[in-house]
Amino acid sequence: MRIVVLAGGIGGARFLRGLKSAVPDADITVIGNTGDDIHLFGLKVCPDLDTVMYTLGGGIHEEQGWGRAGETFAVKEELAAYGVGPEWFGLGDRDFATHIVRTQMISAGYPLSAVTEALCDRWKPGVRLLPMSDDRVETHVLIDDPEGEGGRRAVHFQEYWVRLRARVPARAIVPVGAEQAKPAPGVLEAIAAADVILFPPSNPVVSVGTILAVPGVREAVAGAAAPVVGLSPIVGDAPVRGMADKVLAAVGVESTAGAVARHYGADLLDGWLVDTVDAEQTAGVTAAGIRCRAVPLMMTDTEATARMAAEALALAEEVRA
Ligand code: FO1
């Protein structure tokens with residue numbers, strides 16, 4: 001079975017671990033979000049691609065959901081000693097090697113998709129990991145700033161997420177460069193050839209939304225023969241992890257499982273899983289033309305996540321019928 005997953009960072013990576021466990025023989029292609037990418041110290045950092053690669057490859061710092069296990073921070077400390085920032089983004093020594101290899105290959109002329117394939121040769125994540133695009137897309141967030149143009153200022157997504165901890169309102173989310181970006185090689189082909197397309201419990205705005213913002217991707221998913229099934233990242237009107245509610249507000253979507261399904265829309269989604277605590281929302285989602293089922297959605301461990309993945313695949317079969 002060919003499965004395509006549009007994945008962001010931590011939630012997407014954890015879901016993929018369960019999906020692999022649920023259908024070990026499936027051919028899984030992950031279209032990874034690159035809007036979180038940031039250039040620091042002359043290096044290109046790809047947080048969502050690395051989180052998928054490290055999580056499925058066995059190198060992830062489990063509690064954090066990002067960065068490497070067993071990290072040290074000698075380079076970070078030395079950079080700080082030189083007064084070279086930013087200090088708010090925690091790059092570890094092992095992680096630096098990934099960014100050095102990536103940047104070196106890109107400088108030699110390799111596209112991000114080839115670089116990602118090379119890095120995955122080491123990590124063997126057991127899925128095909130494609131960046132959404134080889135072109136540079138970086139999400140910026142518009143926040144209030146009295147000194148700013150029109151009382152606003154744009155900050156890089158990572159500064160909003162990590163330094164500001166999303167504590168200030170996001171007035172707009174802008175995937176800079178998305179309009180000019182092209183889907184990476186293999187992305188549209190994978191969507192067209194898929195038997196099932198899944199939206200994992202990733203951030204619907206800055207992760208799945210950014211992937212869909214690459215021209216041609218949304219149309220490919222909407223027009224795909226495969227059923228498209230999503231799993232809500234919002235449980236009990238709050239994000240399970242991260243701060244999705246902050247960016248949902250920026251795009252005028254209330255932080256409920258049903259609102260996220262309607263935000264994606266019935267032109268994209270054929271099915272939607274909500275957690276059992278949100279069972280009362282299934283009627284509203286069904287009324288929007290999206291098949292809906294309430295199942296446990298807490299990814300407490302790989303077995304629980306495998307059950308969620310199996311439910312999503314079952315709903316896809318029901319929709320296909
Ligand atoms: N998240 C944090 O909350 N604090 C950090 O210092 C931090 C560093 C970091 C370094 C590399 C990397 O790949 C991810 C990192 N993240 C950090 C997570 C990152 O902000 C998020 O994983 C994604 O951008 C959101 O999906």
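This is a predicted model: local features need pLDDT of at least 70, side-chain atom pairs count only at pLDDT 80 or more; totals for chains, interfaces and linings use all residues.
Biologist: Which residue forms a salt bridge with Asp145?

Modeller: Arg153 does, and the closest N and O atoms are 2.9 Å apart. Arg153 itself is partly exposed, with a relative accessible area of 34%.

Biologist: And what does Asp144 pair with?

Modeller: Asp144 forms a salt bridge with Arg152, with 3.0 Å between the closest N and O atoms. Asp144 is partly exposed at 39% relative accessibility. Arg152 is also partly exposed, at 34%.

Biologist: How many salt bridges are found in the whole structure?

Modeller: The search finds 15. One of them joins Glu62 and Arg14, with the closest N and O atoms 3.8 Å apart. That pair links distant parts of the chain, 48 residues apart. Glu62 is in the loop between H2 and helix H3, while Arg14 is in helix H1, residues 10-22.

Biologist: Why does Glu62 count as partly exposed?

Modeller: Its relative accessibility is 33%, so Glu62 falls between the 20% and 50% cut-offs.

Biologist: You mentioned H2. How many of the residues of helix H2 are buried?

Modeller: 10 of its 11 residues, so the helix, residues 47-57, is mostly covered. The buried ones include Pro47, Asp48, Asp50, Met53 and Tyr54. Just after H2, Gly58 takes a positive phi of about 90°.

Biologist: What is Thr98 in contact with, leaving aside neighbours within four places in sequence?

Modeller: Asp50, Met53, Tyr54 and Leu119. Asp50, Met53 and Tyr54 are among the buried residues of H2. Thr98 sits in helix H4, residues 93-107. It is buried too, with a relative accessible area of 4%.

Biologist: Switching topic. Where does Leu212 lie?

Modeller: In helix H8, residues 208-212. Leu212 counts as buried because its relative accessibility is 7%.

Biologist: And what is Leu212 in contact with, beyond its neighbours within four places in sequence?

Modeller: Leu6, Phe199, Val217, Arg218, Val221, Tyr264 and Leu268. Leu6 is 206 residues away along the chain, yet the C-alpha atoms of Leu212 and Leu6 are separated by 8.7 Å.

Biologist: Let's zoom out. Into which domains is the protein divided?

Modeller: Domain 1 takes 2-33 plus 181-320, and domain 2 takes 138-179. Their C-alpha centres lie 25 Å apart.

Biologist: How many residues are in contact between domain 1 and domain 2?

Modeller: 14 residues of domain 1 contact 14 residues of domain 2. The two domains bury about 1000 Å² between them. Carbon and sulfur atoms make up 70% of that.

Biologist: Now the backbone. What kind of peptide bond joins Gly85 and Pro86?

Modeller: A cis one, with omega about 5°. Pro86 is in the loop between H3 and H4. In general, most peptide bonds are trans.

Biologist: What is phi of Phe41?

Modeller: Near 55°, a positive value in a residue other than glycine. Most residues other than glycine have a negative phi. Phe41 lies in the loop between strand S3 and strand S4. It is partly exposed, with a relative accessible area of 29%.

Biologist: And what about phi of Lys124?

Modeller: Near 45°, again positive. Lys124 is in the loop between helix H5 and strand S5.

Biologist: Is Lys124 buried or exposed?

Modeller: Exposed, because its relative accessibility is 60%, over the 50% cut-off.

Technical notes. Residues are numbered from 1 along each chain as its sequence is written. Side-chain values use heavy atoms; hydrogens and water are left out. Domain bounds come from an automatic or database domain assignment. Contact means heavy atoms within 4.5 Å. Buried area is the accessible area (1.4 Å probe) that two parts lose on being put together, summed over both. Helices (H or I, at least four residues) and strands (E, at least two) are DSSP runs, numbered from the N terminus. Buried means under 20% relative accessible area, exposed over 50%, partly exposed in between (1.4 Å probe, protein chains only). A salt bridge is a side-chain nitrogen of Lys or Arg within 4 Å of a carboxyl oxygen of Asp or Glu.
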